[in-house]
Each structure stands twice: as structure tokens, then as C-alpha cells.
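Notebook open, structure on screen. I'm jotting down what I look up as I go.

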Amino acid sequence: MTLDEQLLTLIQKRPEFREVFTILDKMHLGDAFLCAGSIRDLVWSEREEKTFNLMLGNLDIYYLDPNESYEQYLTRKTELNQRHSKYLWELTNISLNNPHRPEFQGKDSLADVIATFPETCSAVGICHSPATNFEFIAPYGLADLFSEKIVPTSAYLEKNTLEAFKKRVERKKWLQNFENTTLVLP
């Protein structure tokens, strides 16, 4: 079984993931990708036979809608958080200028944005739509995710120091919470 198939199997067997994708479909976000931490934590928890709860972490949702105004985005974000408050939604339309996410400026594809994520094991997105079924974006592949390797992306290191990356890993406590993880530095 390929890593794509393994990831798909993990996601399909979790009713909370199906619920999240159903919510996103009803919000008419187009190809909205669930990214980063929720996928990483699912895989690592499954591999280490730990409990996993999707409601404990942020759901990083990225989508591309160049026709959406900032006001429409805020309305959509508020509606999502009010109607489905059991999840911690982090909604991002990469088409909008976001001063808090300067690394997204000039990016016009979700693959380009996901490639800017700090570590290769988190640079993963999955989308479900009735038309396409499941689609993955993993610019660095899935090997680091499944082998529990924490490797900084080149995009992250272009704008940050190795020391900043180490501090990020410490702050996230991945090495303490997941015993099979390894930090791989260039």
C-alpha cells in the first residue's frame, strides 16, 4: 500500500474527518484543503497507537477564492465558527492579502502555499469534494510524515534561522509527545 493510500485509509476511517469535509462542502469553499497539524497528528498518533482527537487542535483550512472580498471572508469565517464551534477552525483564503502571513504574498496556488510550511512532515493538505473525491498536496512527499521525521523546509529556512526552527520544535513538544519522532537538521 502506498503512503497516499495509507493516509487516505486513516482519514476515511475517522468519522470526524468525514464530518469536517461535509461541513466544508456545505460552506461552498470550492477546493478547501485541510492541512498541516491535524493530518500530521493523526498519522503520528496512529503509528504510535496514541489517542487522537481532532477537536483538540486547530483545523488549518486553506482555499483559493480570488472573487471573495475581505468582508465576505470574515463573514464566512464567523459563520463557520458559530455553526460548527466544536472544532477550532483556522480558515485562510490565500487570495487575500494577509499581513500576518507575508510568506503567502504572490502565491497563486495552494501547492505553493503548502510548500512554505515550516516542516516537511506538516506540508500536507487533503481536499474532498464530490467531483474529485480526495486530492492530496504534499510538495515534499509523505515519507517524512510517515517516518516521523521533523525536517525544516527550504522555504522556511530562507526566511528563518535554524535556531528559530529548533525553538519551534521545542515549543510544539513533538519530541516529547511522540516518542518515535526525530529531528533532522541540515
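Predicted model: local features only at pLDDT ≥ 70, side-chain atom pairs only at ≥ 80, totals over all residues.

**Entry 1**

I looked up Y73 to begin with. Is Y73 buried or exposed? Its relative accessible area is 9%, and the cut-off for buried is under 20%, so I wrote Y73 down as buried.

Then I checked Y70, which has 46% relative accessibility and counts as partly exposed. Y70 and Y73 both sit in helix α4, residues 70-83. They are 3 residues apart, about one turn of the helix. How do the rings of Y70 and Y73 face each other? Their centres are 6.0 Å apart and their planes are at 35°, so I put the pair down as tilted.

I searched the whole structure for aromatic pairs and got 8. The one I looked at next is W44 with W174. Their ring centres are 6.2 Å apart, with the planes at 90°, so this pair is edge-to-face. W44 belongs to helix α3 (residues 37-47) and W174 to helix α9 (residues 174-177), so the pair ties together parts 130 residues apart in sequence. Both W44 and W174 are buried.

**Entry 1: helix α3 and R40**

Since W44 and R40 kept coming up, I went through α3. How many of its 11 residues are buried? I got 8, so α3 is mostly covered. The buried ones include G37, I39, L42 and V43, along with R40 and W44. R40 has 7% relative accessibility, so that one is buried too by the under-20% rule.

What does the side chain of R40 pair with? R40 and D41 meet in a salt bridge, 3.3 Å from N to O. D41 is partly exposed, with a relative accessible area of 24%. After α3 comes E49, with a positive phi near 55°.

**Entry 2: salt bridges**

Background reminder: side chains of opposite charge can pair when their charged atoms come close. In this model I count 9 salt bridges.

One of them joins K13 and E46, at 2.9 Å from N to O. K13 is in the loop between α1 and α2 and E46 is in helix α3, so I noted this as a link between distant parts of the chain, 33 residues apart. K13 is partly exposed at 47% relative accessible area, and E46 is partly exposed at 30%.

Another salt bridge is between R168 and E119, with the closest N and O atoms 2.9 Å apart. Where are the two partners? R168 is in helix α8 and E119 is in the loop between α5 (110-114) and β4 (125-129), so the bridge ties together parts 49 residues apart in sequence. R168 counts as buried at 15% relative accessibility, and E119 counts as buried at 0%.

**Entry 3: a surface patch**

L175, L183 and L185 make a nonpolar patch of about 200 Å². L175 is in helix α9 and, at 36% relative accessibility, counts as partly exposed.

**Entry 4: positive phi angles**

E148 has a positive phi near 60°, and it is a residue other than glycine. E148 is in the loop between α6 and β6 (149-150), and it counts as buried at 3% relative accessibility.

K173 isn't a glycine either, yet its phi is positive, about 60°. K173 lies in the loop between α8 and α9. Is K173 buried or partly exposed? I have it as partly exposed, with a relative accessible area of 46%.

Notes
Residues numbered from 1 in each chain as written. Heavy atoms only, no water. Phe/Tyr/Trp six-rings, centres within 6.5 Å; stacked < 30°, edge-to-face > 60°. Helix = DSSP H or I, 4+ residues; strand = E, 2+ residues; numbered from the N terminus. Buried < 20%, exposed > 50% of the residue type's maximum accessible area, 1.4 Å probe, protein only. Patch = residues over 30% accessible without salt bridge, like charges linked within 9 Å, V, L, I, M, F, W, Y side chains within 5 Å. Areas by Shrake-Rupley, 256 points an atom, 1.4 Å probe, with all protein chains shown as cover. Salt bridge = Lys/Arg side-chain N within 4 Å of Asp/Glu carboxyl O.
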